[in-house]
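I opened my notebook to get to know a new structure, and you are welcome to read along. Here is what I looked up.

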Amino acid sequence: MLEQAIQGFLSVFNLNTLPFILLGIPVGILVGILPGIGGPAAIAMALPFVPMMDPGPALAFLVALHSVCATGGGVTSVLLNIPGEAFSAATCLDGFPMAKKGEAGRALGAVFGASGLGGIFGGIWLIGMIFVIRPLVMLIGLPEYFFLVLLGISLIVTLGRGSVRKGLISGMMGIFTAFFGVHILTGEPRFWFGNVYLLKGFGIIPVVLGMFGMPVVIELFTSKESISEVERAYVRAGLVWEGIKDVFRHFRTFILGTMLGTAMGSIPGVGAQVVTFMSYGLAKQTSKHPELFGTGIVEGVIAPESADNAKEGGGLLSTLSLGIPGSVAMALLLGAFILVGLQPGPLFLREHADIVFELAGTLILANLIAAALLSLVAGKLAILTYVRGILVGPFVLILVIIGAYCQTGEMWDVLFGFGFGAIGYIMSKFGYNRAALVLGFILGDLAEKYFGLSMRTHGPLFFLRPFPLVLLTITILILFSDQIKALFKRRGKHAR
Amino acid sequence: MLGRLLFAGFILLYFIVPLINGTLELSTDAMLFPWFIGGVGSILVLWDMVEEVKKARRKSSKEAKQRIDFEKVKAFLSGSAWILAILPMIYLIGFAFTIPIYLFLCFKFNGEKWPLSLILSSMAGIIFYFVFVHFLRIPFYGGLLTSFIKG
């Protein structure tokens, strides 16, 4: 395994992979800076090109793109009080007040230092944990696989803003969408209504682009104003270096943030936004001067930024080792693995450990380069947020359409992409959970396969085994956590 | 409320129509899991519809006072029309011609100046064509009119 680790890690510098990592970094930074597009939409738009590339470089490109989005998001949080990414919102709390005090450069330096080093820490965590987790996941059998898939979907269901009921409906819509086409075990053509396109089943790309790409396009076309109305803060280059040094001056805040980020990132279902605010809260609680948080102090920037990038290593761990993505972006990354013919899960660590190490190496390298690159050009990049929506929207629309078209070369994919786009937009407006639909769709085939195989090998009571029962109990507890909490509260009041 | 109910109704049909079709044509093995997922999904949708009606009854007096923001509706309709307009264009003249023409029309009709609209749309047309057709070797759909003219 050590040999695989070295080989995988070195392949990052391979001439087939390195250019794609270097391409992913500026794209990720750009997406992070432009509010409204976001990491998941960017991954969705990049997905169509993945099958045209070798698995290693393709996945490295996506990981590089996603891992630096947060660093880019920090720039607009500090300079304009606009989080480029939802999870950069915690950085606004102290970053923008620092910019107003004339310390924009220092705040940006802290963003780059903390997020770059935090991302590197996340990559190292991923490498270390692979050695620990690999023997454990080998114990998982067919029924356990089925319940792991259900657990993954239920975790995404609870991540959404809307009700759990709407999240469940979305997840089930996703699983149901995967049923169109040939049945995975019996080979019977199912739900095809005489249409040859439906006989092949829906492709991942039209579904993902529709759900995450089209709603962004609609928003950009509808809001014709520029994203930012705030006057841009002046960035002094000398202060950027001071900010980077601040990360080492407040090393305890940085370490607490990275440890919290990696640990929480490894637990599927913990939203990225929660991690950054938790880290901010922890830094405030353990600080000698908590009353200064929110007034523009550098610890308030270091804490969320270090947790933000560090969580990606943890997120990759649960996605690759168990096949359970902890966030929307990881769910889309899971789709990318399937598109290149790889299935993350317990067997993945044994059969493709080199890819896991390559991705860990990508995480480290991308964060390092992004931090260095942004230190040089951050102040100038913020100007992108003054571009009007109507200038960006048509480009994104064309990318979405070509993306949907190029995998199979069929106009049906474009039409269904538009159809799923309309559904995705309505879902986002009515409080449904689009991520749950996409994850349900990606894992739907697998769920049915493991369900069918478990029924055949263990009978209808296949869930009456210790580990499946534990997983089922956890799933139920997660889905009904609100009701259970309310029940305990009512009983507590009654007892008093 | 009506919009939410209509969308819930659409989801219900999305579950039920294939289930009925599959039950008539397919084996139990192929329909077992769809019945489970579609069945539970349908029950949840019905529950959701009931909850929406209850919520709407509670809020009905407040909502009656709210006015529709016609500016927002107008912006949404105009944005959606622009998005949908690209489909017939691609169908008729294909990707290669649609990309620059569509971008130019979008920019010009939304208040951009002639030089910016012309430069951005022509550059984008060239870049998209070069990247996808030459570099990635993805043959663009030619369009109905183009193939008709070519004979």
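Entry one. I started with B:Phe95 and B:Phe140, and found both of them buried. This is a predicted model, so I kept that in mind throughout. The two rings make an aromatic pair of the tilted kind, with 5.2 Å from centre to centre and 40° between the planes. I then checked where they sit: B:Phe95 belongs to helix H3 of chain B, while B:Phe140 lies in the loop between helices H4 and H5 of chain B, 45 residues apart. The pair thus links distant parts of the chain.

Entry two. I asked how many aromatic pairs there are over all chains, and the count came to 44. One of them joins A:Phe146 and A:Phe147, edge-to-face, at 5.1 Å centre to centre and 70° between the planes. I noted that A:Phe146 is buried, because its relative accessible area of 3% is under 20%. A:Phe147 is buried too, with 4%.

Next I turned to where the chains meet. I found 57 residues of chain A in contact with 59 residues of chain B. About 5,200 Å² is buried between chain A and chain B, and carbon and sulfur atoms give 80% of that area. I counted four salt bridges between the two chains. In one salt bridge, the side chains of B:Asp48 and A:Lys166 meet at 3.2 Å, N to O.

Which element gives the largest share of the side of chain A that touches chain B? I found that H19(A) does, with 11 residues. The residues of that side divide into 43 nonpolar, five polar and nine charged.

Key: Residues are numbered from 1 along each chain as its sequence is written. Chains are lettered from A and ligands numbered from 1 in the order in which they are written. Side-chain values use heavy atoms; hydrogens and water are left out. Contact means heavy atoms within 4.5 Å. Buried area is the accessible area (1.4 Å probe) that two parts lose on being put together, summed over both. Helices (H or I, at least four residues) and strands (E, at least two) are DSSP runs, numbered from the N terminus. Ala, Val, Leu, Ile, Met, Phe, Trp, Tyr, Cys and Pro count as nonpolar, Asp, Glu, Lys and Arg as charged, and the others, Gly among them, as polar. Rings of Phe, Tyr and Trp (its six-membered ring) pair if their centres lie within 6.5 Å; planes under 30 degrees apart count as stacked, over 60 as edge-to-face and the rest as tilted. Buried means under 20% relative accessible area, exposed over 50%, partly exposed in between (1.4 Å probe, protein chains only).
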